[in-house]
Amino acid sequence: MAVKILSVDDELDLEILLTQYFRRKIRKGEYEFSFAHNGLEALKMVLERKDFDIILSDINMPEMDGLTLLTKLNEMRNPALKCIMVSAYGDMGNIRTAMNNGAFDFATKPIDLDDLSRTIEKAIEEIEFIKQTQEEHSQLESIKGDLVVAGEIQQAILPRQLPQIAEIAEHVDLYASMTPAKEVGGDFYDFFKIDDNRMGIVIADVSGKGVPASIFMAVSRTLLRATGMRGVPSDECLTSVNKMLCNESVDSMFVTMFYGIYNIKTGVMEYTNAGHNPPYIIRAATGKAEALPFSQDIVAGMFDDIVFTTQKLQLEQGDSLVMFTDGVTEAFNTNGEQFDESGLEKSLEGMANEKAEDVTRKILNDVNTFAGEEPQSDDITIMTLRRIKN
């Protein structure tokens, strides 16, 4: 596209000089000149067209001088519009004022057209750079807006309430929270009804951050939910999900998962831990919190020939199972210290027989207090299940 140049000068001779000197660029469509004879006329043209790239303006003109025009153009706050001021060589005071007020460059009369040509080319280079920067900024703003929407969608697909089954609500108190480190995250949790006595519960952490992790998170959640709702044992479920994830995985992404099948009537949970942080049990009888044994099973999504194993735990009335991702224990404070398991265990002190929501919020508040002004570096997900009825 042609560079649009507006020449503002009350001397008509300049119009002839410019069109003659730049005739080849004008014929090739590289430059497009317009002409005004005072600042007021020029300002009207700029307001009407709004597509000028360069204003070549005399300083001393009737009705509105060049310095006033420059002030008005500055008020438009268009960094891609460049002003080159023209005045007599002896008018250096006004030229200096123009440069201090934001003019791109200046030329003195009588105009050296070769020098003016180089000045215009220099202005064009900066205009192109600014326009490219503006375009990139617009693209980044668009991406940022998309990420905000993606984050909202991601939060929306996570379950907010227990399945609306009276039998489950009588036996289970469950609450979960997910706080992504970026607009979108790689953590997720889920719970769903398998049959009248059993429900599936999962918490997981995808490797990496941002958009790739969020996409892999959505795939992992979908595969696990679809497989788990068939009622297969937890080890078979994760073995099957792992094979499917290995077929879909790119850039060596993987996911740690804790998947449990909880019997609401007996309080027994059959579970498989694929490289995830061991949950804690808060025993109602003693008030103590104890971590489940470390799992020997590795993460899902890396090796398709892995066969996962299953374990069992028993929740008594009032016992709580606290599941979390490593964004909790690996949270840092401004001194470079980690919250780690000792911080979590301290948070769990005195939380026996407390509601699942209170336990979850207590941990999250303690992590935030510990981190202080240190930015969150990882997604933080916490889910607490409490047995409320035998």
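Helices (H or I, at least four residues) and strands (E, at least two) are, throughout this talk, DSSP runs, numbered from the N terminus. The structure is a predicted model, in which local features need pLDDT of at least 70 and side-chain atom pairs count only at pLDDT 80 or more, while totals for chains, interfaces and linings use all residues. Residues are numbered from 1 along each chain as its sequence is written, and side-chain values use heavy atoms, with hydrogens and water left out.

I begin with Ala-300. This residue lies in the loop between β12 and β13 (311–314). Is Ala-300 buried or exposed? Its relative accessibility is 2%, and therefore Ala-300 counts as buried, where buried means under 20% relative accessible area, exposed over 50%, and partly exposed in between (1.4 Å probe, protein chains only). Which residues does Ala-300 contact, leaving aside its neighbours within four places in sequence? They are Asn-242, Leu-245, Phe-254, Val-255, Ala-274 and Phe-308, contact meaning heavy atoms within 4.5 Å. Asn-273 lies 27 residues from Ala-300 in sequence, and the C-alpha atoms of the two are 9.9 Å apart.

Let me turn to the sheet. An open sheet is formed by 5 strands, in the order β6-β15-β14-β11-β12, with antiparallel pairing; two strands pair if DSSP finds at least two bridges between them. The edges are held by β6 (172–179) and β12 (289–291), each of which has a single partner strand, so one side of each is left without a neighbour in the sheet. From one strand to the next, the twist averages 15 degrees; angles run from 0 to 180 degrees between N-to-C directions, and axes are lines fitted to C-alpha atoms, for helices over the stretch in contact. Within this sheet, β14 (residues 320–324) and β15 (residues 380–387) pair in the antiparallel sense over 5 bridges. Opposite Met-323 stands Met-383 in β15.

Helix α11 (residues 340–348) packs on the sheet, where it touches β11 (280–282), β12 and β14, and its direction makes about 20 degrees with that of β11. What is the relation of α11 to α12 (residues 356–371)? The two axes come within 9 Å and cross at roughly 135 degrees. That angle makes α11 oblique to α12, because angles under 35 degrees count as roughly parallel, over 145 as roughly antiparallel, 65 to 115 as roughly perpendicular and the rest as oblique. The crossing of α11 past α12 is right-handed; a crossing is left-handed if the near helix is turned anticlockwise from the far one by less than a right angle, and right-handed if clockwise. From α11, Leu-344, Lys-346, Ser-347 and Leu-348 meet Val-359, Lys-362, Ile-363 and Asp-366 of α12.

A second pair of strands deserves a word. Strand β3 (residues 54–58) pairs with β4 in the parallel sense over 5 bridges, and the partner of Ile-54 in β4 is Lys-82. Of the 7 residues of β4 (residues 82–88), 6 are buried, so this strand is largely enclosed by the rest of the structure.

Next, the charged side chains. How many salt bridges does the structure hold? There are 19, a salt bridge being a side-chain nitrogen of Lys or Arg within 4 Å of a carboxyl oxygen of Asp or Glu. In one of them, Asp-51 is joined to Arg-49, with the closest N and O atoms 3.2 Å apart. Both partners are partly exposed, Asp-51 at a relative accessible area of 30% and Arg-49 at 33%. Another links Lys-193 and Asp-196, with 3.2 Å between the closest N and O atoms; here Lys-193 is partly exposed at 28%, whereas Asp-196 is exposed at 56%. Arg-283 and Glu-290 also meet in a salt bridge (3.8 Å, N to O), and Glu-290 is partly exposed at 39%.

I close with the backbone. Most residues other than glycine have a negative phi, and most peptide bonds are trans. The peptide bond from Lys-109 to Pro-110 is cis, with omega near -5 degrees, and Pro-110 is found in the loop between β5 (105–109) and α6 (113–157). Arg-77, although not a glycine, has a positive phi of about 50 degrees. Its place is in the loop between α4 (66–75) and β4, and Arg-77 is exposed, with a relative accessible area of 75%. Asp-340, also not a glycine, has a positive phi of about 45 degrees. This residue belongs to helix α11, and at 24% relative accessibility Asp-340 counts as partly exposed.
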